[in-house]
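Please look at the sequence and the three-dimensional model shown here.

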Amino acid sequence: LKLLDSGFLSQGLAFWRVNKWIAQFGADMSPMARKKQGEDDPFEMVRADHQSDIHPQCRQRRRAGENETTLLARCKSDVDMSAARKAQPWANNTWALIGGTHMLIVRGANQDMGTSASDCPVATVSAGMRDVIDKLHSEYGNPIDTPKKGGPGQRLIFGQGLGVLEEWPKLDVLYNCTISRGASRQVRSAAASSLAVLEGGVERSRRRRGRRRRAE
């Protein structure tokens, strides 16, 4: 919700990478590029909150007192965590964070989708897949999927900002993103419930460890 409340999602973000599997968006001018131009980053706090989004299968296995950096490192190297991630690949319609403020919506699920340590699903698209997401413009290509063809890419956006996308006028772009009051209450309630479950799991872990120490 912070991405929405801050206006980050309404600044003209483009679906710059659209292929059979995903529609990717979230790239804007980087803080470093803004600084070189003498500009402040209006989304500094939002970026700070999204530097270490971690796969939920890893968060469920968080140890008491474990910080984000340590958890992410363990999520990448732990065999059991890796198996848990791979056992639950994303389904179609999944909206996810994939590192920083970079996001995607799953258009075609596969077994590798959502299995990286920093893959973090945040929502499910409940309406508009066929009418909107499945019809996003993809003919320009992009440097990742079609390097010979070219097209808009995130590095270009990082360095020059969203204005550079005027070169590709048919790109689909996000503007004026809002959330209804009812949906906002549901999302905030779900987030609070998820946090309570996570904290409960950490507390149970503490109690189990305490019992083991007493038994020893």
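This is a predicted model: local features need pLDDT of at least 70, side-chain atom pairs count only at pLDDT 80 or more; totals for chains, interfaces and linings use all residues.

Residues are numbered from 1 along each chain as its sequence is written, and side-chain values use heavy atoms, with hydrogens and water left out.

We begin with the sheet. Strands of a sheet pair through backbone hydrogen bonds, either parallel or antiparallel. Here five strands form an open sheet in the order 2-3-5-4-6, and their pairing is antiparallel. Strands (E, at least two residues) and helices (H or I, at least four residues) are DSSP runs, numbered from the N terminus; two strands pair if DSSP finds at least two bridges between them. At the edges stand strand 2 (17-18) and strand 6 (120-124), each of which pairs on one side only. Strand 4 (residues 94-97) and strand 5 (residues 103-106) run antiparallel and are joined by three bridges. Within this pairing, alanine 96 is placed opposite leucine 104 of strand 5.

The aromatic rings come next. Rings of Phe, Tyr and Trp (its six-membered ring) pair if their centres lie within 6.5 Å; planes under 30 degrees apart count as stacked, over 60 as edge-to-face and the rest as tilted. The structure contains three aromatic pairs. In one of them, the ring centres of phenylalanine 15 and phenylalanine 25 are 4.8 Å apart and the planes meet at 50°, so this pair is tilted. The two residues are ten residues apart and belong to distant parts of the chain: phenylalanine 15 sits in the loop between strand 1 (11-14) and strand 2, and phenylalanine 25 in strand 3 (residues 22-25). Both phenylalanine 15 and phenylalanine 25 are buried, where buried means under 20% relative accessible area, exposed over 50% and partly exposed in between (1.4 Å probe, protein chains only). Ring pairs also link Phe15, Phe25 and Trp95 into a cluster.

Which cysteines are joined by a disulfide? A disulfide is a covalent bond between the sulfur atoms of two cysteines; the criterion used is a pair of cysteine sulfur atoms within 2.5 Å. A search of the whole structure finds one disulfide, and it joins cysteine 58 to cysteine 75, with an S to S distance of 1.9 Å. Cysteine 58 lies in helix 4 (residues 56-59) and cysteine 75 in helix 5 (residues 68-77), so the bond ties together parts that are 17 residues apart in sequence. The torsion about the S-S bond of cysteine 58 and cysteine 75 is about 60°, so the disulfide is right-handed. Cysteine 58 is buried at 0% relative accessible area, and cysteine 75 is buried at 0% as well.

Finally, two asparagines deserve a look. Asparagine 93 has a positive phi of about 80° although it is not a glycine. This residue, asparagine 93, is found in the loop between helix 6 (79-86) and strand 4, and its relative accessible area of 23% makes asparagine 93 partly exposed. Asparagine 176, also not a glycine, has a positive phi of about 50°. The loop between strand 7 (173-175) and helix 8 (181-215) holds asparagine 176, which counts as exposed at 66% relative accessibility.
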